[in-house]
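Hello,

Here is the structure I promised to pass on. Have a look at it first, and then read on for what turned up.

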Amino acid sequence: TMSVNGTFTPTATDVVTLTGATLAGSGTVKVTRTAATANFVSQYTYTSPTPLLDNLTIDYNGVTGQTLSNLTYNNLTISGTVTGAGTATSTGTFAVTGSFTPSASTFSKTGGSITNSGTLTFSGLTINAGTTTTTASFSIAGALTTTGTFTASSGSVITLNGGASIANSAGALTFYDLTTASGTVTSARSY
């Protein structure tokens, strides 16, 4: 087991191979890869068992366009630039201090919170069972789908870009400030 309880930062060209070992701990693991496929699973390769990401913070902090690996993260931080299409799930805090503007895909949030002091534009956002809160402002270019509870607190502005839609099947949505940027926004329910 490779246990990270502080911060582990490989260089952009490093590949960490975990053969028969796992990645665990309560610290921060940086994803710095910018060559080839710039994501977690190309920088941290493993045969088995799969990494135990439930207590770690994974920080994508590459300086050029990275892509999220399709994993379930606990705490996920974007301090670099993510522009590639990629699907991921976060169960803890999703924090953006850099730029998160994926070209396609849906990001899933199951509980926890969304914070943003950088650029945050979801191409699609799904709020799963549980309660997700935010004090952050961000944009959604595609569908906002909820089966859980989403609460935006004072000061947060959620902008729906043209062509965005809201599909609230069983959840509860509370917006502080909801705006539309341009085009038509569709919703199956009234808010």
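Strands here are DSSP runs of at least two residues, labelled E and numbered from the N terminus. Please keep in mind that this is a predicted model.

With that in hand, let's start at strand E11, which spans residues 88–90 and includes Ser90. Ser90 has a relative accessibility of 0%, so it counts as buried. Beyond its neighbours within four places in sequence, Ser90 is in contact with Tyr73, Asn74 and Leu76, and also with Phe107, Ser108, Lys109, Thr110 and Gly111.

Next comes Thr57, which belongs to strand E7 (residues 57–60). Its relative accessibility is 17%; because buried means under 20%, Thr57 falls in that class too. Not counting residues up to four places away in sequence, Thr57 touches Gly27, Thr28, Val29, Asn75 and Thr77.

What about the nonpolar core? The largest one holds 42 residues, and the members touching the most others are Phe40, Ile58, Tyr60, Phe94, Phe100, Phe122 and Phe138.

Finally, a residue on the outside: Thr13 is exposed, with a relative accessible area of 63%. Thr13 sits in the loop between strand E2 (7–8) and strand E3 (16–18). Its C-alpha atom is separated by 13 Å from that of Val63, and the two residues are 50 apart along the chain.

Best wishes

Conventions:
Residues numbered from 1 in each chain as written. Predicted model: local features only at pLDDT ≥ 70, side-chain atom pairs only at ≥ 80, totals over all residues. Heavy atoms only, no water. Core = buried A, V, L, I, M, F, W, Y, C linked by side-chain atoms within 4.5 Å. Buried < 20%, exposed > 50% of the residue type's maximum accessible area, 1.4 Å probe, protein only. Helix = DSSP H or I, 4+ residues; strand = E, 2+ residues; numbered from the N terminus. Contact = heavy atoms within 4.5 Å.
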